[in-house]
Amino acid sequence: MTTAAINDIRQLLSGNKKIVIIPHKNPDGDAMGSTLALCAYLRQLGHHTSVVAPNEYPHFLKWLPAEEQTIIYSQEEEKATTLIAEAELIFTLDFNHLSRTGALEQHLKKARAPFVMIDHHQQPDSYAIVTYSDTSMSSTCQMVYHFLEALEATHYITPEMAACLYTGIMTDTGSFRFSATTAQTHRVIAALIEKGANNTAIHQNIYDTNSYTKLQLLGVALNNLKVIPEYRTAYITLTQEELDTHSFQKGDTEGFVNYGLSLDGIIFAVIFIENKNDAIIKMSLRSKGDFSVNDVARKHYHGGGHINAAGGKSDLNMEQTVAHFISILPEYKAQLSQ
Ligand code: 5GP
Ligand code: MN
């Protein structure tokens, strides 16, 4: 963070304020971990602080300390909109464009409060008066740790906050294996363990709480896996019917796309997941090396993200979406072919 940004933050945090913290729609471990940890810090300073999430988050995050205090807009619209309208300061974490908050966007656009963005996604928008954006960072949780360092406030980190921050760094780095995992990331993780994060318990809470039906759904996904060797590409499809017959719950398909990328020689993997309710096919894109799935998601799928992990959607049906996907691969021939 720049000295000017740190000074601006100190100014914004003077006095006791009404503060709202917003994660992106379909919040993941990084979004929930970072917002909950920041919320706990701001409450210690005496601010009236709430986390307002656009919609529900997966069950494997339902153990995070103080998660039950999150206001979920899709379930408590009036409470959420009042908090946003009355807020004196709004933090937006783990996203860089207000459209990433879905139906909350209209309320955020009407808010009187200034915004502070803390985020690590590519090409941030300019709605905030303080933008702490660093695309080299492993996670927003790591950035919240550096944010507290910059404010000389790491002594405020409780074991509960440490668990939240550890969770987001762990989930966004694929358990410390993706390329944004640096020596500095590990130093932050070491500090969080010293602050009381129980690493073994956190791994178990996130990764060893699968339902039987989720593993059966993984079986279906792996059965549907297709490989296009000439483009070093693999993709998985899951239809609404397949989700329904396996009692799909939010978060159940998290990580499935990585199985495509685990195939020897594959550098580009996609999962297409039908959502009949929203009449879309939701896509997760992953890559290895320099091939930018952020570019692919932005150009073709109304989405974005990072170089090696991005998301987007298609308004076509499953069959057409897959056919269209195959039709765009030649555009990336130089990068994808051997
Ligand atoms: P996932 O595939 O796990 O949902 O998301 C991968 C990355 O892409 C995350 O960093 C996420 O924030 C971002 N992302 C996912 N879906 C979208 C989307 O629809 N639009 C944009 N801009 N980013 C997305
Ligand atoms: Mn993140």
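A residue is near a molecule or strand if one of its heavy atoms lies within 4 Å of that molecule or strand. With that in hand, welcome to a short tour in close-ups. This is a predicted model, in which local features need pLDDT of at least 70, side-chain atom pairs count only at pLDDT 80 or more, and totals for chains, interfaces and linings use all residues. Residues are numbered from 1 along each chain as its sequence is written, chains are lettered from A and ligands numbered from 1 in the order in which they are written, and side-chain values use heavy atoms, with hydrogens and water left out.

**View 1. The surroundings of ligand 1.** Around ligand 1 there are 13 residues, of which Arg100, His121, Lys282, Ser284 and Arg286 come nearest. Polar contacts are pairs of N or O atoms within 3.5 Å; within protein, one atom must be able to donate a hydrogen and the other to accept it, and residues adjacent in sequence count only if both atoms are side-chain atoms. For Arg100, an N or O atom of the side chain is 2.9 Å from an oxygen atom of ligand 1. Arg286 places a polar side-chain atom 2.8 Å from an oxygen atom of ligand 1.

View 2. Donors here are N, O and S atoms within 2.8 Å of the metal (3.2 Å for Na, K and Ca); water is not among the atoms, so sites may look incomplete. The manganese ion (ligand 2) has Asp30 (OD), Asp94 (OD), His120 (NE2) and Asp172 (OD) as its protein donors, at 2.1 to 2.3 Å. Along the chain these donors of the manganese ion follow the spacing D-x63-D-x25-H-x51-D. Helices (H or I, at least four residues) and strands (E, at least two) are DSSP runs, numbered from the N terminus. Buried means under 20% relative accessible area, exposed over 50%, and partly exposed in between (1.4 Å probe, protein chains only). Asp30 counts as buried because its relative accessibility is 0%, and Asp94 counts as buried at 1%.

View 3. His24 belongs to the loop between strand S1 (18–22) and H2, and is buried, with a relative accessible area of 4%. Its side chain makes a polar contact of 2.9 Å with that of Asp94, and another of 3.4 Å with that of Asp28. Which residues does His24 contact, leaving aside neighbours within four places in sequence? With contact meaning heavy atoms within 4.5 Å, they are Ala31, Pro54, Leu93, Asp94, Phe95 and Arg100.

View 4. Two strands pair if DSSP finds at least two bridges between them. S4 pairs in the parallel sense with S1 over four bridges, and with strand S5 (residues 115–119) in the parallel sense, also over four bridges. Phe91 stands opposite Ile21 and opposite Val116 in S5.

**View 5. The parallel sheet.** Six strands form an open sheet with parallel pairing, in the order S3-S2-S1-S4-S5-S6. Strand S3 (71–72) and S6 stand at the edges with a single partner strand each, so one side of each is left without a neighbour in the sheet. S5 and S6 run parallel and are joined by four bridges, with Thr131 in S6 as the bridge partner of Met117.

**View 6. The mixed sheet.** Another open sheet of six strands has mixed pairing and the order S7-S8-S9-S10-S12-S11. Its edges are strand S7 (226–228) and strand S11 (304–305), each with a single partner strand, so one side of each is left without a neighbour in the sheet. Strand S9 (residues 268–275) and strand S10 (residues 280–287) run antiparallel, joined by eight bridges; Phe268 has Ser287 in S10 as its bridge partner.

**View 7. Two residues with positive phi.** Gln123, not a glycine, has a positive phi of about 55 degrees; its place is in the loop between S5 and strand S6 (130–133). Ser175 has a positive phi near 60 degrees and lies in the loop between helix H6 (159–172) and helix H7 (183–194). Gln123 is partly exposed at 47% relative accessible area, and Ser175 is partly exposed at 28%.
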